[in-house]
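Student: I would like to go through this protein with you. Could we start from the charged pairs?

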Amino acid sequence: MPTTTLRVGIVGCGRIAGNHARALQQVPGVEVVGCSDLDLDRARGFAAEYGIANAVRTVDDLIALGLDACTVCTPHPVHEEVVLAAAAAGIHMLCEKPIAVDVAAADRMIEAADRAGITFGVLFQRRFWPAARRIKAAIEDGRLGVPTLGQASVLLHRPSSYYAQDAWRGRWDTDGGGVLMTQAVHQIDMLQWFMGAATQVSGFIRTHTHGAHIETEDSASAVVSFASGGTATITATTGANHNLGNRVTVMGATGALASLMEFPEGRDGVNEIWTVPGELDLRPPFHTAVHANIDVGEVNAGLVDFHTEQVQDFADALLTGRAPAVTGRDARASLAIVAAIYESSRTGTVVNLSPTPLADKDSR
C-alpha cells in the first residue's frame, strides 16, 4: 500500500451501502473519498448524508479519484463487472454477498484478482459473531468433533412492499435468485464454514407467497453432502409471518450439538444449544416481547457493528499483507451450493459440486 491511510470508494449507493459508509468511517486509517451510482442524484444524496467529498456516476470515475480499495454494493449481477474493472486498475475489493450470481462469474472474479495481485474479500459479517466463532473453535479443537449433521433454517418475513420499492428484487436477471441468493446465503455460508467442503446437493425451490411480485423463489429446501461424510438440510423462506429469524445447527462426531440463533433478524446470534460435555447451555429461542416483522433497514442497522469488524479485518489485511477473513474463494463455496439447489430443482437430479479452482491460493 502506498500510505498508511487507505483511500476507499463505495460502488453503489443503495440500502446496504449505508452500512458500508458507517463501518468505513469508524475504522482508523480509512478515508472514504468517493461513492458512485448510475443514478447520480442518488450518489450525491448519499455523499451528502455521509459527508463524502465526491459523488460520481461510473466506476471508472470513482477509480480516477485515486483509490487503494473499494467496496461493492451494487445489485448482485453487477458485482462481476465492478470487480473486474477494479482488478484491472490494481484496486483491492471488498464485495457484498453473494460474490456473484453464477459460479463461472465467481471464478472469473477470483482469477482476475489473482492475476492483478490484489486482495479480494466478500462480506459475510455473521462469521464475526462471537457465537459463530465459538462453534468454529469447538469444531477445530475437537470438542464437537468432525461435523456429521447440520441444519440451516431461514424463516423470514418480507412484505410485498420490500419487492415493490426495489424493482430489481426477485428477478432472475437483476437479482440472480430469491430467498436463497439474497437472504439464506448468509446461513449457507456459515453452514459450509462449519461442515466443510460440499460435494453433492439435492433441492427444490418454490414460490408460495410472493408470486404476484417476484419471479424467483420465496421458499426452498435442500439436502447437502460434504466431503467429511456429513450431511445437512437447508430450509428457507421469506413468506413466514411471524418472522422467526435464522438458525444454524451442527452436530459433531462426539455427539455434541451446537446452534446459533438469530432472533430477531439482524440481532447478534447467540448459542441457543450447546451440549459439549461439561459445558451444557440451553436457551429458549423465541419470546413475544419483540416485534419481529421489522423493516429491512432495521435489520441492516443491527449488523453495522459486524460490518465494521469485517471492514477492520479487511483494512488490516491490506496493511499487513495477509488474506482477509473471508476471501473470494470462501464466498464461492456458498454460491456453489445455491446454484446447485437451483440446478437440482430444475433438473430433478442430484448435483455434484466441483472444487474451487486454484484452491492453493488465497484470493490475494
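**Salt bridges and buried residues**

Tutor: Asp-281 and Arg-283 form a salt bridge, with closest N and O atoms 3.5 Å apart. A salt bridge is a side-chain nitrogen of Lys or Arg within 4 Å of a carboxyl oxygen of Asp or Glu. This is a predicted model: local features need pLDDT of at least 70, side-chain atom pairs count only at pLDDT 80 or more, and totals for chains, interfaces and linings use all residues. Residues are numbered from 1 along each chain as its sequence is written, and side-chain values use heavy atoms, leaving out hydrogens and water.

Student: How many salt bridges does the structure hold?

Tutor: Side chains of opposite charge can pair when their charged atoms come close. For the structure, the count is 18.

Student: Which residue forms a salt bridge with Glu-279?

Tutor: Glu-279 lies in the loop between strand 13 (273-274) and strand 14 (281-282). Helices (H or I, at least four residues) and strands (E, at least two) are DSSP runs, numbered from the N terminus. The partner sits in the loop between helix 6 (130-140) and strand 7 (147-155), so the pair ties together parts 136 residues apart in sequence. The closest N and O atoms are 3.1 Å apart, and the partner is Arg-143.

Student: Is Asp-166 buried or exposed?

Tutor: Asp-166 forms a salt bridge with Arg-15, the closest N and O atoms being 3.4 Å apart. Buried means under 20% relative accessible area, exposed over 50%, partly exposed in between (1.4 Å probe, protein chains only). Arg-15, at 30%, is partly exposed. Asp-166 has a relative accessible area of 16%, so the term is buried.

Student: Which side chain of opposite charge is nearest to Asp-175?

Tutor: Asp-175 is in the loop between helix 7 (160-164) and helix 8 (179-195). Asp-175 is buried yet has no salt bridge. Lys and Arg count as positive, Asp and Glu as negative; His and the chain ends are not counted. The nearest side chain of opposite charge is 5.1 Å away: Arg-169.

Student: Which backbone nitrogen does the side chain of Asp-175 reach?

Tutor: The contacts of Asp-175 beyond four places in sequence include His-76, Trp-168 and Met-181. Contact means heavy atoms within 4.5 Å. The side chain reaches a backbone nitrogen at 2.9 Å, that of Gly-170.

Student: What is the relative accessible area of Thr-216?

Tutor: Thr-216 is in the loop between strand 8 (198-206) and strand 9 (219-226). Thr-216 touches Gly-170 and Trp-172, among others. Thr-216 is buried, at 1%.

Conventions. Polar contact = N/O pair within 3.5 Å; in protein donor to acceptor, adjacent residues only side chain to side chain.
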